[in-house]
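These are my notebook entries on a structure that I am opening here. I set down what I looked up, entry by entry.

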Amino acid sequence: MKSELIRKAIHSLIALTPALAAMNRSHTALLLLAGAFFYMCAEGLRFVGLSLPFISSITRGVLREREQGCFALGPVTLGLGAFLTIVLFPPHAAAAAIYSLAFGDSCAMLVGKFFGRLRPAFLRGKSVEGCAACFLVAAAACYLVFADWRIALATGIVSTLAEAFSPRDFDNLLLPLAAGLTATALSLAL
């Protein structure tokens, strides 16, 4: 439980991206790419039995059981998802999408893992409770950005679907892209 809480606290730090992008979008994009590249190097070293001080101890502490013998892809897709989101979408839509990723995805996992009881086969191990948490948090985050319940509801639904049906570890990439596209399209249409 402790490692999942630490893992999701680290995951939630991606929510700083919109504030950094507001100061300098290009530097933020480069920082995200550099972070993903650095992590890939550190993870590659871990995979072959070498370690980096501080980084490797954090990585080992938050690895899930299924990641023990393989490359942990989640942080890479997280960085790339945030990078593509700030590059492709206007600032408000990018912020809503990244907040949906940072908080909606985190809440989905935590609620699903600790409180999830309803796990229909079509969700491939994910829970209805986790999906509901993702929807509520993503919609609330989007509403705080746009102050429009129509954009918030649609983005919450799309975020939830992307989180629920993305292949493992690719929700970090697909959720912000789907949310950003939805928020952009609706903000232009309404």
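**Entry 1: the surface patch.** I first looked up a nonpolar patch on the surface, formed by Ile6, Ile10, Leu13, Leu16, Leu20, Met23, Leu31, Phe54 and Ile58, which together have about 880 Å² of accessible area. Patch members have over 30% relative accessible area and no salt bridge, with nonpolar side chains (Val, Leu, Ile, Met, Phe, Trp, Tyr) joined within 5 Å and like charges within 9 Å. The areas come from the Shrake-Rupley method with a 1.4 Å probe, and for residues only the protein chains shown count as cover. At least two residues of the patch come from each of α1 (2-12) and α2 (17-23). I take helices as DSSP runs (H or I, at least four residues), numbered from the N terminus. Isoleucine 6 is in helix α1, and isoleucine 6 is partly exposed at a relative accessible area of 37%. Here buried means under 20% relative accessible area, exposed over 50%, and partly exposed in between (1.4 Å probe, protein chains only).

**Entry 2: how the model is read.** The model is predicted: local features need pLDDT of at least 70 and side-chain atom pairs count only at pLDDT 80 or more, while totals for chains, interfaces and linings use all residues. Residues are numbered from 1 along each chain as its sequence is written, and side-chain values use heavy atoms, leaving out hydrogens and water.

**Entry 3: salt bridges.** How many salt bridges does the structure hold? I find three, a salt bridge being a side-chain nitrogen of Lys or Arg within 4 Å of a carboxyl oxygen of Asp or Glu.

I looked up aspartate 105 and lysine 8, whose side chains meet in a salt bridge at 3.7 Å, N to O. This pair links distant parts of the chain, with aspartate 105 in helix α6 (residues 91-115) and lysine 8 in helix α1, 97 residues apart. Both aspartate 105 and lysine 8 are buried.

Glutamate 163 and lysine 126 form a salt bridge at 3.4 Å, N to O. Glutamate 163 lies in helix α8 (residues 149-165) and lysine 126 in the loop between α6 and α7 (128-146), so this pair ties together parts 37 residues apart in sequence. Glutamate 163 is buried at 7% relative accessibility, whereas lysine 126 is partly exposed at 25%.

Aspartate 148 is bridged to arginine 150, with the closest N and O atoms 2.9 Å apart. Aspartate 148 counts as buried at 14% relative accessibility; arginine 150 is partly exposed at 42%.

**Entry 4: aspartate 171.** I located aspartate 171 in helix α9 (residues 171-189). Apart from neighbours within four places in sequence, aspartate 171 contacts Leu101, Asp105, Ala162, Glu163, Ser166 and Pro176, contact meaning heavy atoms within 4.5 Å.

Entry 5: Helix α3 (residues 25-47) has 23 residues and reaches 33 Å from first to last C-alpha, close to the 33 Å expected. The expected span is 1.5 Å times one less than the number of residues. Its buried residues include Thr28, Leu32, Tyr39 and Arg46, and α2, α4 (55-62) and α5 (74-88) are among what covers the buried residues of α3.

The 17 residues of α8 should span 24 Å, and the end C-alpha atoms are 24 Å apart, which agrees. Among the buried residues of α8 are Ile151, Thr155, Ser159 and Glu163; their cover includes α6, α7 and α9.
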